[in-house]
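I opened this entry to look up cores, strands and helix packing. My notes follow the order in which I checked them.

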Amino acid sequence: MNITIYDVAREANVSMATVSRVVNGNPNVKPATRKKVSEAIERLGYRPNAVARGLASKKTTTVGVIIPDISSIFYAELARGIEDIATMYKYNIILSNSDQNKDKELHLLNTMLGKQVDGIVFMGGNITEEHVKEFQRSPVPIVLAASFEESGVIPSVKIDFEQGAYDAVSALINKGHKNIAYVSGPMEDPINAQNKLDGYKRALEEANLPFKGDLVVEGDYTYDSGLEAFQKINELSSKVTAIFVGTDEMALGVIHGAQDQGLNIPNDIEVVGFDNTKLATMVRPQLTTVVQPMYDIGAVAMRLLTKYMNKEKVEDHIVVLPHRLEYRGTTK
């Protein structure tokens, strides 16, 4: 049998309004009365109905989080940052996996809104005009995390992806490399096709090095695609001496592909990854990589969302967090 607020009021011999004040932490309750109500709640095993409270307050204290792959180390760090700040501000999380599929992303967005969430943190690779229209139609605030949205109209927290790629490739050029390959994630994702590729090209151009299209190999973010990318690079007539890889997981595939061919990392080929996930320190030699602070991005995105949900003043709706290059054993 479900215990209701009426049962608690009768047990404690107080009004339902008094029980409600105790449950919601209202300070205007005498200590003795609060103790009596709390004991009645404990005795009866009463659990407040979050749905009913949400209908009354027009808030559910629930936030929807849509990310591409819950099982990924990369996205797990982001989710942890979101969760920690949500807990701090007493919000619950509904976490959904979108598989970077546009139809599923839009379906999940509407499902979250149907569950009356107070706000949404969204992470996706290819933010289309259709996405933006749906975001703008949303009755609750939406914040993007570690995503690139070209118009800049949707609040977001990210790093400068173009500058990160530029810094990585420039570091390799400064070591004397002239044939530097780029193993990219899917080119349908603007972060790869625009930001990181533009950074790669800019670094080459500033060093007066030619851009060679055959040195750009597309992967799909996975370890296996990194292995395959190295095989393609290894078959090129141009002798590649350094490789910039768009994600750490693909970089591990590149490293192992090179080692399978008897090459030494970093003496024969230097490798730089991107993201600084835990994988970067699990490979040998450990991976030099661009640090994308995923935990911080998640935490700041959630804090930004709380500001919108609580109607606080927001000075910058686009937050760009700092990145850096972490040197380890895959570069000399």
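**Ile-243 and the cores**

I started with Ile-243. Leaving aside neighbours within four places in sequence, Ile-243 is in contact with Leu-172, Ala-181, Val-183, Phe-230, Ile-233, Val-254, Ile-269, Glu-270, Val-271 and Val-272. I keep in mind that this is a predicted model.

Next I looked up the largest nonpolar core, which has 74 residues. Ile-243 is among the members that touch the most others, along with Tyr-200, Phe-244, Val-271, Ile-297 and Met-302. Apart from this core I found another, of 15 residues, including Ile-66, Met-112, Phe-122 and Leu-144.

**Strand β6**

Is β6 buried or exposed? Five of its five residues (180–184) are buried, so the strand is largely enclosed by the rest of the structure. I checked the side-chain directions too. Ile-180, Tyr-182 and Ser-184 point one way, Ala-181 and Val-183 the other, and all are buried.

Then I followed the pairing. β6 runs parallel to β8 (residues 242–245), over four bridges. Here Ile-243 returns, as the β8 bridge partner of Ala-181. β6 also pairs in the parallel sense with β7 (residues 216–218), over three bridges. In that pair, Ser-184 has Glu-218 as its partner.

**Helices α6 and α7**

Last, I looked at α6 (residues 102–114) and α7 (residues 129–137). They pack at an angle of about 0°, with axes 11 Å apart. The two are therefore roughly parallel to each other. From α6, Lys-102, Glu-105, Leu-106, Leu-109 and Asn-110 meet Glu-130, His-131, Glu-134 and Phe-135 of α7. I noted the classes in this contact: three nonpolar, two polar and four charged residues.

Terms used: Residues are numbered from 1 along each chain as its sequence is written. This is a predicted model: local features need pLDDT of at least 70, side-chain atom pairs count only at pLDDT 80 or more; totals for chains, interfaces and linings use all residues. Side-chain values use heavy atoms; hydrogens and water are left out. Axes are lines fitted to C-alpha atoms, for helices over the stretch in contact, and angles run from 0 to 180 degrees between N-to-C directions. Angles under 35 degrees count as roughly parallel, over 145 as roughly antiparallel, 65 to 115 as roughly perpendicular and the rest as oblique. Contact means heavy atoms within 4.5 Å. Ala, Val, Leu, Ile, Met, Phe, Trp, Tyr, Cys and Pro count as nonpolar, Asp, Glu, Lys and Arg as charged, and the others, Gly among them, as polar. A nonpolar core is a set of buried Ala, Val, Leu, Ile, Met, Phe, Trp, Tyr and Cys residues joined through side-chain atoms within 4.5 Å. Buried means under 20% relative accessible area, exposed over 50%, partly exposed in between (1.4 Å probe, protein chains only). Two strands pair if DSSP finds at least two bridges between them.
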